[in-house]
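Colleague: I am new to reading models like this one. Could you take me through it, step by step?

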Amino acid sequence: MKSLATTMKRSAFSYVFLLTLVVSFAHADSLKAIEKDYPEFDCYGMALWRAAMRVITAGSELYPSASDERRFAFPIAIIGYAIFGFVTATLASFFIGRDAEEKDTPVAGAKDVAVLKNEIAALKIAINNLTSKLG
């Protein structure tokens with residue numbers, strides 16, 4: 001859990017989470033103002049529920065009924081997809097990082113690294129041979 005917390009701190013996860021909350025509550029406020037004539041928006045909780053469903057792109061049984069809400073729905077959905085991508089990338093980097101720490105895990109390009117190590121060793125030997133002949 002500590003390494004996951006470190007990964008989240010490194011990727012500024014808390015800022016993205018805070019931004020998600022701000023966007024959700026701002027969208028709920030706009031929904032409450034725009035949809036005030038509809039009975040399903042008699043409380044702020046319903047507007048917040050609908051905003052959260054839009055941000056997490058889970059959809060809802062309620063679809064945008066006013067044209068003003070439709071204008072907000074698309075950017076909110078785009079923000080939701082970006083947030084989902086960010087969370088997915090953060091978790092993937094955590095698991096990939098954990099895999100890279102394992103000794104038995106093959107590293108991408110490991111064969112190239114081994115070839116380079118062999119070439120460096122051969123160059124060291126050649127340099128030592130030249131310096132011994134010169135000195």
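Modeller: Start with the surface. The protein chain exposes about 10,000 Å², and carbon and sulfur atoms supply 68% of that area. Accessible areas come from the Shrake-Rupley method with a 1.4 Å probe, and for residues only the protein chains shown count as cover. This is a predicted model: local features need pLDDT of at least 70, side-chain atom pairs count only at pLDDT 80 or more, and totals for chains, interfaces and linings use all residues. Residues are numbered from 1 along each chain as its sequence is written, and side-chain values use heavy atoms, leaving out hydrogens and water.

Colleague: Which element has the highest mean pLDDT?

Modeller: pLDDT is the predictor's confidence in each residue, from 0 to 100. The chain has a mean of 77, with 72% of its residues at 70 or more. Among the elements, helix 1 (residues 2-10) has the lowest mean, 66. The highest, 88, belongs to helix 5 (residues 110-134).

Colleague: How many helices does the protein chain have?

Modeller: Helices (H or I, at least four residues) and strands (E, at least two) are DSSP runs, numbered from the N terminus. From that end, the elements run α-α-α-α-α. The chain has zero strands, and its helices number five.

Colleague: What should the 12 residues of helix 3 span?

Modeller: The expected span is 1.5 Å times one less than the number of residues. Helix 3 covers residues 44-55, and its end C-alpha atoms are 16 Å apart.

Colleague: What share of the 135 residues counts as buried?

Modeller: Buried means under 20% relative accessible area, exposed over 50%, and partly exposed in between (1.4 Å probe, protein chains only). In helix 3, the buried residues are M46, A47, R50, A51, M53 and V55. For the 135 residues of the chain, the share is 22%.

Colleague: Why does V55 count as buried?

Modeller: V55 lies in helix 3. Contact means heavy atoms within 4.5 Å. Beyond residues up to four places away in sequence, V55 touches T20, V23, S24, I76, G80 and I83. V55 counts as buried because its relative accessibility is 3%.

Colleague: Is T20 buried or exposed?

Modeller: T20 lies in helix 2 (residues 13-34). Leaving aside neighbours within four places in sequence, T20 is in contact with V55 and I83. Its relative accessible area is 16%, so T20 is buried.

Colleague: Which backbone oxygen does the side chain of S30 reach?

Modeller: S30 is also in helix 2. With a relative accessible area of 15%, S30 is buried. At 2.7 Å, its side chain reaches the backbone oxygen of H27.

Terms used:
Polar contact = N/O pair within 3.5 Å; in protein donor to acceptor, adjacent residues only side chain to side chain.
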